[in-house]
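Please report on the chain shown here. Cover its fold, its confidence and a few residues worth a look.

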Amino acid sequence: MLRGFIGRCPLCGKGKLFRSYYDIHPTCSACGVGYEATGNQSTGAMGINIVLTIFLGFIGGIFLVIYASDQLMQGLLALLLIMSIFHIIFYRFARGLWLGLMVATGDLETGKDERG
Ligand SMILES: [Zn+2]
């Protein structure tokens with residue numbers, strides 16, 4: 001899973017996962033596993049991303065109420081901004097993470113022997 005997270009092929013750890021910051025390679029350049037074959041990997045990555053963004057907002061909200069309750073409005077605006085930036089930046093990692101998850105659960109078609 002960590003391999004996908006750092007932008008490497010979750011299966012072999014050698015091939016690069018990303019063509020550009022957001023574009024993912026259709027297959028691994030090293031082992032040839034098809035990343036797009038899972039079909040719903042973008043949806044899954046989006047799900048991870050949304051959950052984490054909401055989690056961040058939740059933590060930030062608690063922090064605001066406790067430490068900055070007299071400036072709640074400014075705090076909320078700043079928090080929304082941070083959440084948006086986090087959401088955009090983290091999407092890349094969420095995609096890698098999701099692919100790693102697919103490999104871990106065996107959903108990614110490998111064409112190789114099972115490795116657990
Ligand atoms: Zn690979």
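How many Å does helix 3 span between its end C-alpha atoms, against a straight helix of 34 residues? Helix 3 spans only 43 Å, while a straight helix of that length would span 50 Å at 1.5 Å a residue. Helix 3 also bends, by about 45° at Phe 90. Just after helix 3, Gly 106 takes a positive phi of about 80°.

**Model and confidence**

This is a predicted model. The mean pLDDT of the chain is 78. Of its residues, 83% reach 70 or more. Where pLDDT is low, the predicted coordinates should not be read in detail.

**Overall fold**

The chain holds 3 helices and 0 strands. Along the sequence the pattern reads α-α-α. There are 116 residues, and 20% of them are buried. Among contacts with a separation of 6 or more, 54% join residues 24 or more positions apart.

UniProt, in an unreviewed entry, places the feature "transmembrane region" at residues 50–69 and 75–94. In the model, residues 50–69 are 90% helix and 0% strand, with end C-alpha atoms 26 Å apart. Residues 75–94 are 100% helix and 0% strand, and their end C-alpha atoms also lie 26 Å apart.

**The nonpolar core**

The largest nonpolar core has 14 residues. Those with the most contacts inside it are Cys 9, Leu 11, Val 33, Trp 98 and Leu 99. Helix 3, residues 72–105, supplies the largest share of this core, with 6 residues. Buried residues of helix 3 include Arg 92, Ala 94, Arg 95, Trp 98, Leu 99 and Met 102. Gly 96, Leu 97, Gly 100 and Val 103 of helix 3 are buried too.

Where is Cys 9 placed? Cys 9 is in the loop between helix 1 (2–5) and helix 2 (41–67). Cys 9 is buried because 25 other C-beta atoms lie within 10 Å. Leaving aside neighbours within four places in sequence, Cys 9 is in contact with residues including Arg 3, Lys 14, Leu 17, Cys 28, Cys 31 and Val 33. Gly 15 and Ala 30 are also among the contacts of Cys 9.

Gly 15 is in the loop between helix 1 and helix 2. Gly 15 has 19 C-beta neighbours inside 10 Å, so Gly 15 counts as partly exposed. Beyond four places in sequence, Gly 15 is in contact with Cys 9, Cys 28, Ser 29, Ala 30 and Cys 31.

Leu 56 is found in helix 2. Is Leu 56 buried or partly exposed? Leu 56 counts as partly exposed, because it has 16 C-beta neighbours inside 10 Å. Beyond four places in sequence, Leu 56 is in contact with Met 83 and Phe 86.

The table lists one C-alpha distance for each of these residues.

| Pair | Apart in sequence | C-alpha to C-alpha |
|---|---|---|
| Cys 9 and Ala 30 | 21 residues | 8.4 Å |
| Gly 15 and Val 33 | 18 residues | 9.6 Å |
| Leu 56 and Leu 79 | 23 residues | 9.0 Å |

Methods: Residues are numbered from 1 along each chain as its sequence is written. This is a predicted model: local features need pLDDT of at least 70, side-chain atom pairs count only at pLDDT 80 or more; totals for chains, interfaces and linings use all residues. UniProt positions are given in the numbering used here, feature names are shortened, and annotations may be inferred rather than shown by experiment. Helices (H or I, at least four residues) and strands (E, at least two) are DSSP runs, numbered from the N terminus. A residue is buried if 20 or more other C-beta atoms lie within 10 Å of its own, exposed if 12 or fewer, and partly exposed in between; C-beta atoms are placed from the backbone. Two residues are in contact if their C-beta atoms, placed from the backbone, lie within 7 Å. A nonpolar core is a set of buried Ala, Val, Leu, Ile, Met, Phe, Trp, Tyr and Cys residues joined through C-beta atoms within 7 Å. pLDDT is the predictor's confidence in each residue, from 0 to 100. The expected span of a helix is 1.5 Å times one less than its number of residues. The bend at a residue is the angle between axes fitted to the seven residues ending there and the seven starting there.
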